[in-house]
Protein chains: 2
Amino acid sequence: MRASEFDLIARLRERVPASSARVRVGSGDDAAVTEPEGAAATTIDALVEGVHFTLPEFPLAAVGRKAMAAGLSDLAAMGAEPGEAYVAVGAPDAMSDDELVELADGIAETAELGGVVIAGGDLTAAPVLFLCVTCVGYERPGVPLVTRAGANPGDMVVVTGELGGAAAGLALLTGAASAEALDDAARSSLVARQLEPAPRLAGGRALAAAGASAMIDISDGLGADAAHVAAASGRGLEIELERVPLAAGVEEVAGGRSEGLRLAAEGGEDYELLATIGAEDLGAARRALDDAGYGLTEIGVVTNGDGPVLRDADGRELEVHGFDHRRGSPSG
Amino acid sequence: MRASEFDLIARLRERVPASSARVRVGSGDDAAVTEPEGAAATTIDALVEGVHFTLPEFPLAAVGRKAMAAGLSDLAAMGAEPGEAYVAVGAPDAMSDDELVELADGIAETAELGGVVIAGGDLTAAPVLFLCVTCVGYERPGVPLVTRAGANPGDMVVVTGELGGAAAGLALLTGAASAEALDDAARSSLVARQLEPAPRLAGGRALAAAGASAMIDISDGLGADAAHVAAASGRGLEIELERVPLAAGVEEVAGGRSEGLRLAAEGGEDYELLATIGAEDLGAARRALDDAGYGLTEIGVVTNGDGPVLRDADGRELEVHGFDHRRGSPSG
């Protein structure tokens, strides 16, 4: 039995960070009122049961974390300062109030980690669970927001952190891979990449401040996201797959090094950042990313070509499929 | 067979108004970049098949219009200048590209009517159709945004336009009422109140400029929305139901005058505005609303009491149930 919706919303509101200096009127009126400082970056993402996650394989808190992470990762990719989030939830009648609170706790956890307040929301009935999150961030004085469109020939192509972990974690969660040789620490760490995504907000700000010319978050997979940057910039991106940093255990889950690299290129949902940056700015970016704790790796170069080219260790060009984020599966 | 999602998104993008002086980077990057002028009002609403609408009773264009109207009506209730909208759509695989375009045309129609541009979106697979719309509006210089919280004892309670039409239209659409005596014009007009909602943006701006002390849009029903204002303001609202302006045909659909007034009080989705305003400001507000073309009616007064009181023609207090907007049905 569901409590009255207004009581439930009041209960959910207590779980999430809800106030900041920028929020004049928070959740509960017809609209939230905020006082933006400078340009705003705004993004909307929907996460749907059976498409982007399954129950009960995904704990509800992890569903909340993933929904919030998708939007925060977009803000990271702009180099934005996180501001506010607005969350709509469609919940089946069978979900108990306690289950909704668990979901809200996941949302709150990642919102706090990312430094956004939840300034508004909507709760509705729905046949399956879905979440829709709008995240708003802000341009910092003197540091323009970074789009996908500014890659220049000769720029380095860099990625933050390690790739392939989220896809390997998903394979372990769904039983698609067992990887019995994997030790418990590596297994937990891969599953955490799927269930506890950590958007690279500090990394995005650091790359923007260091002068990144284009940036995107790796949500569809390295190959697909490199294609987005190439298309928006009207340039080519030459990537040496061998240089891509793999999360520990990815090779074991994928069944070999080249299979692991393919998982990194096609898997998606890693929520690392892909950026292009002039060689003269690379040193400053690398130091800032080391400070942020997840490192920066040079994996290629921007060319006058057209589209992305991914090469294997022998220099052969690979055809990669993107992770279809809208369908929760690799696209053909 | 669905076209590639990127082609489809490009096709959908062509259908919606997408650029304005405020939008530096529109749909297609990790986030839209806007240049807010002053305080922003932001609201999020989800609309779900089987909860807020049914197919095929609702044309897809009407579903698009309704989803956009809910957010625009919230902006109207703040007295905000409309700015940008962000639209996430979850669509079943069985929906064709042409059906999605019909949906987009409905979204575009109401967005243009309301004066917002679609600055971003997301398209995902889903077991049923749902739309999630975030609308952003702005405070105008010298005219503070109006919340639900400012009603003062002695203020007049006013409503724009006519009530009950959307609920009566829904009853006709679903076959819950037939009202055979109703002429075609009245029937079409009631159905249009349900399928072609027209948020009162000009009315909201006029009421804010005239000095409205509190405002809300009538989406849950007059009784429930009056309760929201009373609770937020810590005041009572005394409403004489007999004075509530009914849309033509509502009495016939409801089966009598008092049943029609009850439909107006409980029905919801009219997207008219309920405001409180000092008696000295009422004349200016009335003139502005007459100019906007949908009039303003005084229906009650703000008291030092607690909660809303709705009285019938004999002065008897009525107990009314709100329209549960989150479940698409009257709440108990």
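## Contact between the chains

Contact here means heavy atoms within 4.5 Å of each other. On that basis, 58 residues of chain B are in contact with 59 residues of chain A. The model is a predicted one. Between them, chain B and chain A bury about 4,500 Å², and 55% of that area is on carbon and sulfur atoms.

Six salt bridges are found across the interface of chain B and chain A. One of them pairs R24(A) with E139(B), where the closest N and O atoms are 2.9 Å apart. On the side of chain B that touches chain A, strand β3 (residues 40–48) of chain B gives the largest share, with eight residues. By class, that side of chain B has 30 nonpolar, twelve polar and 16 charged residues.

## Strand pairing across the interface

The two chains also meet through strands. Strand β3 (residues 40–48) of chain A pairs with strand β2 (residues 32–34) of chain B; the sense is antiparallel and there are three bridges. Within β2(B), T34(B) is the residue that stands opposite A40(A).

## Relation of the two copies

Two copies of a chain are related by a rotation about an axis and a shift along it. Here, chain B is superposed on chain A by a rotation of 180 degrees with 0.0 Å of shift along the axis, and the RMSD is 0.0 Å. The two copies are therefore related as by a two-fold rotation axis. Both copies use the same surface, since 100% of the contact residues of chain B recur in chain A.

## The seven-stranded sheet

In chain B, seven strands form an open sheet of mixed pairing, in the order β8-β10-β7-β11-β9-β12-β13. The edges are held by β8 (214–217) and β13 (317–318) of chain B; each has a single partner strand, so one side of each is left without a neighbour in the sheet. For β13(B), a pairing is made with strand β12 (residues 307–311) of chain B, which runs antiparallel to β13(B) and is joined to it by two bridges. In this pairing L310(B) stands opposite L318(B).

The pairings of strand β9 can be described in chain A. Strand β9 (residues 236–240) of chain A runs antiparallel to strand β11 (residues 296–303) of chain A, and four bridges join the two. G236(A) and T303(A) stand opposite each other there. With strand β12 (residues 307–311) of chain A, β9(A) runs parallel, and the two are joined by five bridges. P308(A) in β12(A) is the bridge partner of L237(A).

## Salt bridges

Over all chains the count comes to 38 salt bridges. Among them is the pair R22(A) and E84(A), whose closest N and O atoms are 3.1 Å apart. This pair links distant parts of the chain, the two residues being 62 residues apart. R22(A) is in the loop between α1 (5–15) and β1 (23–25) of chain A, while E84(A) is in strand β4 (residues 81–91) of chain A.

## Backbone exceptions

Most residues other than glycine have a negative phi, and most peptide bonds are trans. A few places in this model depart from that. The peptide bond from L55(A) to P56(A) is cis, with omega near 10 degrees, and P56(A) lies in the loop between β3 and α2 (60–78) of chain A. In chain B, the peptide bond from L55(B) to P56(B) is cis, again with omega near 10 degrees; P56(B) lies in the loop between β3 and α2 (60–78) of chain B.

E269(A), a residue other than glycine, has a positive phi, near 65 degrees. E269(A) is in the loop between α9 (257–266) and β10 (273–277) of chain A.

Note on methods:
Residues are numbered from 1 along each chain as its sequence is written. Chains are lettered from A and ligands numbered from 1 in the order in which they are written. This is a predicted model: local features need pLDDT of at least 70, side-chain atom pairs count only at pLDDT 80 or more; totals for chains, interfaces and linings use all residues. Side-chain values use heavy atoms; hydrogens and water are left out. Buried area is the accessible area (1.4 Å probe) that two parts lose on being put together, summed over both. A salt bridge is a side-chain nitrogen of Lys or Arg within 4 Å of a carboxyl oxygen of Asp or Glu. Ala, Val, Leu, Ile, Met, Phe, Trp, Tyr, Cys and Pro count as nonpolar, Asp, Glu, Lys and Arg as charged, and the others, Gly among them, as polar. Two strands pair if DSSP finds at least two bridges between them. Copies are superposed by least squares on the C-alpha atoms of residues with pLDDT of at least 70 in both.
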